Amino acid sequence: MLAFHPRFVRTFDDLPGRLSLLIHAWNGCNMRCLGCHNHEELIAARADGSHLNAEQTIVRIAAANTLFDAVLLSGGEFLIGAMAEIEPFLEQVRGVFDGCVVIYSNGTFPGKLERLLARGLVDGVHLDVKLPYHLLDPSAESDLYEAILGTVPSERMRRSLLASIELVIAHDSPVSRVRTVRYPLLSDEYFETIASLVLDLKHKHRSSVPYDLNPYYAPEAL
């Protein structure tokens, strides 16, 4: 069952030039990334009596229709749930909200991303790319994956992560972004390698999706 944190966030920063409503799904995550700001509330803790269900969330989105330019759906990992619930929810969002709809994802579900983009249920994706997956073998670099992702991906998952990067860049939405946190454990070479991969894919697909290298903020500093 879809569940959402009751505190929605008004933001100008997540989608530059637009006033957005950021909504966090309370559905867990398949990663435990270094410095995750949502871990305690949304991942480690199960949804409790304070959460909103899908219907309650739709009502609140409908009430905000004329006040915001975009709805941003984050997590946890928003796509970790069943498509049988995600698709009807997004269809309802489209029915009550006139602005753009963007989902945040860690890239582990490229099939779901492709379907939602193809159906027009979302306008874009903000994709978090934590490491240069194309160069890091999970078996040989398991310690590094564990330190940054909190898990060691299978080879299949690594291919999924790479597929999501190419999918989002090829889709070329004006509201999509590829982004990386500048983790203090990593040297600049890692970030330069990710940026190079994104640039190569942008040239391949003639895409204008931006790449953002964002500062790292330790959770206790917020």
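This is a predicted model: local features need pLDDT of at least 70, side-chain atom pairs count only at pLDDT 80 or more; totals for chains, interfaces and linings use all residues.
**Entry 1: the α2 and α3 pair**

I began with two helices, α2 (residues 54-63) and α3 (residues 83-96). Two packed helices are described by the angle between their axes and the distance between the axes, so I looked up both values. The axes of α2 and α3 come within 9 Å, and their crossing angle is roughly 20°. Angles under 35 degrees count as roughly parallel, and α2 and α3 are therefore roughly parallel to each other. I also noted the hand of the crossing of α2 and α3, which is right-handed.

Next I asked myself which residues of α2 meet α3. From α2 I listed A54, T57, I58, I61 and A62, and from α3 their partners F89, Q92, V93 and V96. Sorted by class, the contact of α2 with α3 has seven nonpolar residues, two polar ones and no charged ones.

**Entry 2: the cores**

In soluble globular proteins, nonpolar side chains tend to be buried together. With that in mind, I looked up the largest nonpolar core here and found 59 residues in it. Those with the most contacts inside this core are L73, F78, F89, L90, I103, L116 and L131. Which helix gives the most to this core? I found that α6 (residues 155-171) does, with six residues.

I then followed F89, as F89 also takes part in the contact with α2. Setting aside residues up to four places away in sequence, F89 touches A54, T57, I58 and I61, and also L2, F4, L73 and F78. Apart from the core of 59 residues lies another core, of eight residues, and I wrote down A70, L72, C100 and V175 among them.

**Entry 3: V96**

Back to helix α3, where V96 has its place. Is V96 buried, partly exposed or exposed? Buried needs under 20% relative accessible area, and V96 has 25% relative accessibility, so V96 counts as partly exposed. Leaving aside neighbours within four places in sequence, I see V96 in contact with I58, I61, A62 and N65. I also checked V96 against P174: they are 78 residues apart in sequence, and their C-alpha atoms are 22 Å apart in space.

**Entry 4: S154**

My last stop was S154, in the loop between α5 (142-149) and α6. The relative accessible area of S154 is 41%, and S154 is partly exposed. From S154 to I61, I noted 93 residues in sequence and 37 Å in space, C-alpha to C-alpha.

Definitions and conventions: Residues are numbered from 1 along each chain as its sequence is written. Side-chain values use heavy atoms; hydrogens and water are left out. Axes are lines fitted to C-alpha atoms, for helices over the stretch in contact, and angles run from 0 to 180 degrees between N-to-C directions. Helices (H or I, at least four residues) and strands (E, at least two) are DSSP runs, numbered from the N terminus. Angles under 35 degrees count as roughly parallel, over 145 as roughly antiparallel, 65 to 115 as roughly perpendicular and the rest as oblique. A crossing is left-handed if the near helix is turned anticlockwise from the far one by less than a right angle, and right-handed if clockwise. Contact means heavy atoms within 4.5 Å. Ala, Val, Leu, Ile, Met, Phe, Trp, Tyr, Cys and Pro count as nonpolar, Asp, Glu, Lys and Arg as charged, and the others, Gly among them, as polar. A nonpolar core is a set of buried Ala, Val, Leu, Ile, Met, Phe, Trp, Tyr and Cys residues joined through side-chain atoms within 4.5 Å. Buried means under 20% relative accessible area, exposed over 50%, partly exposed in between (1.4 Å probe, protein chains only).
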